Amino acid sequence: MKFLIAAAATVLVASQAYAGSYEVRCVTKKVPYQETVKGGNPENVIGGAIVGGVIGKVVTKKNAGAAAGAIIGGAVANETSKRTVTKYKDVETCSNVFIPARVTNEQTLRQTLLDLNAGKPVTKEMTMDVQYTIGVAHDGKWGPKSQLAGEKYLANLAPDAPLYSLVVNDVVIVSSADVNAVDQIKNALLEAGVQSQIFVDLQQ
């Protein structure tokens, strides 16, 4: 029993071997940072020195006091004239990103599309490969747009396969090669009180 489980797991992994590859991609961005710039305008420092000198001489009534006041006044003016500026530096950020590639094996592509549309688990890498192959945004998320594109692609892979159309009041709501998907929409409409019909290979 354990052997069968292991074998099944091996087959699942092998069937989801992706075509793309991982690459290191780097992006350089300018990042802002704050820097304090010392020393303001020379006139502020000189003005502070003059004011300090006058005050020093008045207080001490001596030239030495004036000189000391001038030094202190200039230092205070210089200190208070500091300002913060915004500068920018280049920062490089690197990450390992997946680059999808085209799925060339038609059988693998067909089965993966069926699995994705049926809601079965598929790796993100394989999903991106399939999205890249069928020509939709390869984000690894299988949404409504990817599902619709997958259904159309399946119909093109099997041109002889029947195409099921869901019709409401003579208006085609959706056409798909996946009869189960069309039937689910039909049941949802019925629950909402809307009658619809499924036609096979409807000629428009």
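Where do Arg 110 and Glu 106 lie, and how many residues apart? Both are in helix α4, four residues apart, about one turn of the helix. Helices here are DSSP runs of H or I with at least four residues, strands are runs of E with at least two, and both are numbered from the N terminus.

Some ground rules. This is a predicted model, so local features need pLDDT of at least 70 and side-chain atom pairs count only at pLDDT 80 or more, while totals for chains, interfaces and linings use all residues. Residues are numbered from 1 along each chain as its sequence is written, and side-chain values use heavy atoms, with hydrogens and water left out.

Back to that pair. Arg 110 and Glu 106 form a salt bridge, with the closest N and O atoms 3.3 Å apart. The term means a side-chain nitrogen of Lys or Arg within 4 Å of a carboxyl oxygen of Asp or Glu. By this rule there are four salt bridges. Arg 110 is partly exposed, at 28% relative accessible area. Glu 106 is partly exposed too, at 42%. For these labels, buried is under 20% relative accessible area, exposed is over 50%, and partly exposed is in between, with a 1.4 Å probe and protein chains only.

Next, Lys 30 and Asp 90. Their closest N and O atoms are 3.0 Å apart, in another salt bridge. Lys 30 sits in strand β1 (residues 21–37) and Asp 90 in strand β2 (residues 83–99), so the pair ties together parts 60 residues apart in sequence. Both residues are exposed.

Now the inside. Which residues touch the most other members of the largest nonpolar core? They are Leu 109, Leu 113, Val 130, Ile 134 and Trp 142, out of 13 residues. Such a core is a set of buried Ala, Val, Leu, Ile, Met, Phe, Trp, Tyr and Cys residues joined through side-chain atoms within 4.5 Å. Helix α4 (106–117) gives two or more residues to this core, as do α5 (124–134) and α6 (144–157). Take Trp 142. Leaving out residues up to four places away in sequence, its contacts include Leu 113, Val 130, Ile 134 and Gly 150. Contact means heavy atoms within 4.5 Å.

Last stop: the loop between β3 (164–168) and β4, where Asn 169 lies. Asn 169 has a positive phi of about 50 degrees, although it is not a glycine. Asn 169 is exposed, at 69% relative accessibility. Asp 170 is in the loop between β3 and β4 as well. Its phi is also positive, near 65 degrees. Asp 170 is exposed at 78%.
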